[in-house]
2 protein chains.
Amino acid sequence: MTAFFELDTPCVLIDLDRVEANLQKAQQAADRAGIALRPHIKTHKLPRFAKRQVELGAVGITVQKLGEAEVMADAGLADMLLTFNIIGAAKLRRLAALHDRVTIRVVADSADCVAGLSRTFAGTARPLGVFVECDTGMGRCGVQSPEAALELARRIAAPGLVFAGLMTYPAAGKYREADAWLARAKALLEEEGVAVPAITTGGTPDIWHMDQAGAATEYRPGTYIYMDRSQVAAGAASYADCALTVLATVVSRPTETRAIIDAGSKALTSDLLGLEGHGHVLDYPEARIVGLSEEHGTLDLSACARKPEIGEAIRIVPNHCCPVSNLFDRVNLVRDGKLVESVAVAARGRVD
Amino acid sequence: MTAFFELDTPCVLIDLDRVEANLQKAQQAADRAGIALRPHIKTHKLPRFAKRQVELGAVGITVQKLGEAEVMADAGLADMLLTFNIIGAAKLRRLAALHDRVTIRVVADSADCVAGLSRTFAGTARPLGVFVECDTGMGRCGVQSPEAALELARRIAAPGLVFAGLMTYPAAGKYREADAWLARAKALLEEEGVAVPAITTGGTPDIWHMDQAGAATEYRPGTYIYMDRSQVAAGAASYADCALTVLATVVSRPTETRAIIDAGSKALTSDLLGLEGHGHVLDYPEARIVGLSEEHGTLDLSACARKPEIGEAIRIVPNHCCPVSNLFDRVNLVRDGKLVESVAVAARGRVD
């Protein structure tokens, strides 16, 4: 069997035992909290891991784009929530085709979005479930107040559609504020006679607070399967939990304190997520990845007592594992330091 | 014919007339300056554009990774410079296979790198040309002094190898310093009886200073074919020169001054290159792209008199066009606002 350090670099290693431990730990936490788990597949983009998440007790999966939903439907995943506004005739046709073969629900945060969905699904035998997306502090999509959520929920009572509940992606660390927002919205809707079948929230940074999710009935974490440097910084994981690493080779040692590796932004991405540096070097934790160009990573070794040599393979925990999955056509599944299988990242690049 | 704004989003548009104008302008500038042009294909990753660059007068192409060289060799490109240290048995075997079928030369900046190349190529009929990579201010790979360049050039006089000259990637805006470094190195090597067959430099930021390239005999620009927001900021292009845009759709207008588009870091990358914001919105130049998550871009419309509506398609010039090419399986070639052809990005993801 091939040892991981013999693989051609740069490449992605996925530690299968850590994946399994991360999946089990989160499912157990959700079970204890009495909240449904609906993992986001954007992190791994692999049908096999989506299936394992469902086997362990997830109620279904979350996808971000139609292309991801299509790949997962082709692979046999049967229940998905697409947490993105579907706008425009071409995308509405693709959504209708998906709705014909799997259980898929979507979100909306505007009357325009609801109108497009209703035009498309009016007259279908099975209405489309639509959540109202709520901006509970993230500052991205979502209605801006519980009153606006009520108004949009009423609009969803349109031909071909059924109101599925409230959805949010909370700002990291702000789960209490998000919960309070959702509780206010739920109370308002119920006062006004609108039942709220489900409330779905998410985010790996606050995953271990699922038991305090308040009004929420469902949790949609993504990154938890692999974890990464940003999650370690957020206190949601330790490096011993990180299942995805980028294997790179030292290709140059131009000075006593500088090493250049063959992994740049095309392997690690430029995502900083508020961190300094571009990843954590497992084998040389004192090394700092101070710069990336497309194919080169620049390491400052000033703080390293022992320094890597030219030709040496090193493993890096990236700042953000999800977009790393999106850069590689294949990833290497490893166990006990050995390659088990190289697999295609089925939903890679499904950006539309 | 499909109008570009009817395409499903997010997607990449490549304006063929602007590509041709950019290629011709650079070749003419190189011809006037009496310097050979060896374009870097990392920007477009498309054999058709590489061939057009050669047709217009380029002496060959530059590639950054073996995977890119393999794609270009398969497509019939016959002369390439690989500006990356080739380290390790697996990669040396791939290099040898390429050397058997095309003209390929490489770089080295250490005795270790030269030793690996010599072990691999000793005994081959045709020696491998090796440039000494020089760190003339970029702070990445490269020998640190003209004296070190001399020492390494002498080492390259090893079985199977031939010294090809000096190579640098200069820091943007520092072409005078790079030229002075290379001139000192050339003088030293010649004093010591080592002929310097070629000196190759590059970079789009300083491409219009090719006529002042001093000691250099060859120039390796990449980005000039498409140009981007970073090149506009560097003064090397105007937005009217930018051939690559990302077409995105406004999917949400949560507040009066916020728009959310369906292009996030999976379409635009997180590359900032020292700029503020994540791209230039052609149709709404006052809009600022203030945030990206993987699939969402957040626009601040505060400064916009006219504001885009939900469902509207907008075009964005990204900060850095090269990694955008690497994110999309296909790009759309357009002319006069119409789709001409959708083509696969042949060398996308060739990271090793």
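Begin by selecting Pro10(A), which sits in the segment before β1 (11-15) of chain A, where strands (E, at least two residues) and helices (H or I, at least four) are DSSP runs numbered from the N terminus. The peptide bond that leads from Thr9(A) into Pro10(A) is cis, with omega near -5°. Moving to the other chain, Pro10(B) lies in the segment before β1 (11-15) of chain B, and a cis peptide bond with omega about -5° joins Thr9(B) to Pro10(B).

What is on display is a predicted model, in which local features need pLDDT of at least 70 and side-chain atom pairs count only at pLDDT 80 or more, while totals for chains, interfaces and linings use all residues. Residues are numbered from 1 along each chain as its sequence is written, chains are lettered from A and ligands numbered from 1 in the order in which they are written, and side-chain values use heavy atoms, with hydrogens and water left out.

Next, turn to the backbone. Select Leu273(A), in the loop between α9 (265-268) and β12 (280-281) of chain A; its phi is near 50°, a positive value in a residue other than glycine. Leu273(A) is partly exposed at 45% relative accessible area, on a scale where buried means under 20%, exposed over 50% and partly exposed in between (1.4 Å probe, protein chains only). In chain B, select Asp336(B), found in the loop between β16 (330-335) and β17 (338-344), where phi is again positive, near 50°; Asp336(B) is exposed, with a relative accessible area of 67%. Most residues other than glycine have a negative phi, and most peptide bonds are trans.

Now go to strand β17 (residues 338-344) of chain A and select Ser342(A), which is partly exposed at 28%. Its contacts (heavy atoms within 4.5 Å), leaving aside neighbours within four places in sequence, are Arg330(A), Val331(A) and Asn332(A). The side chains of Ser342(A) and Arg330(A) are joined by a polar contact of 2.9 Å, the term denoting a pair of N or O atoms within 3.5 Å, of which, within protein, one must be able to donate a hydrogen and the other to accept it, and residues adjacent in sequence count only if both atoms are side-chain atoms.

Arg140(B), Lys266(B) and Glu294(B) supply 14% of the area that chain B buries against chain A, more than any other three residues.

Finally, look for charged pairs: the interface has 14 salt bridges, each a side-chain nitrogen of Lys or Arg within 4 Å of a carboxyl oxygen of Asp or Glu. One of them joins Lys65(B) to Glu295(A), with the closest N and O atoms 3.1 Å apart.

How values were computed: Buried area is the accessible area (1.4 Å probe) that two parts lose on being put together, summed over both.
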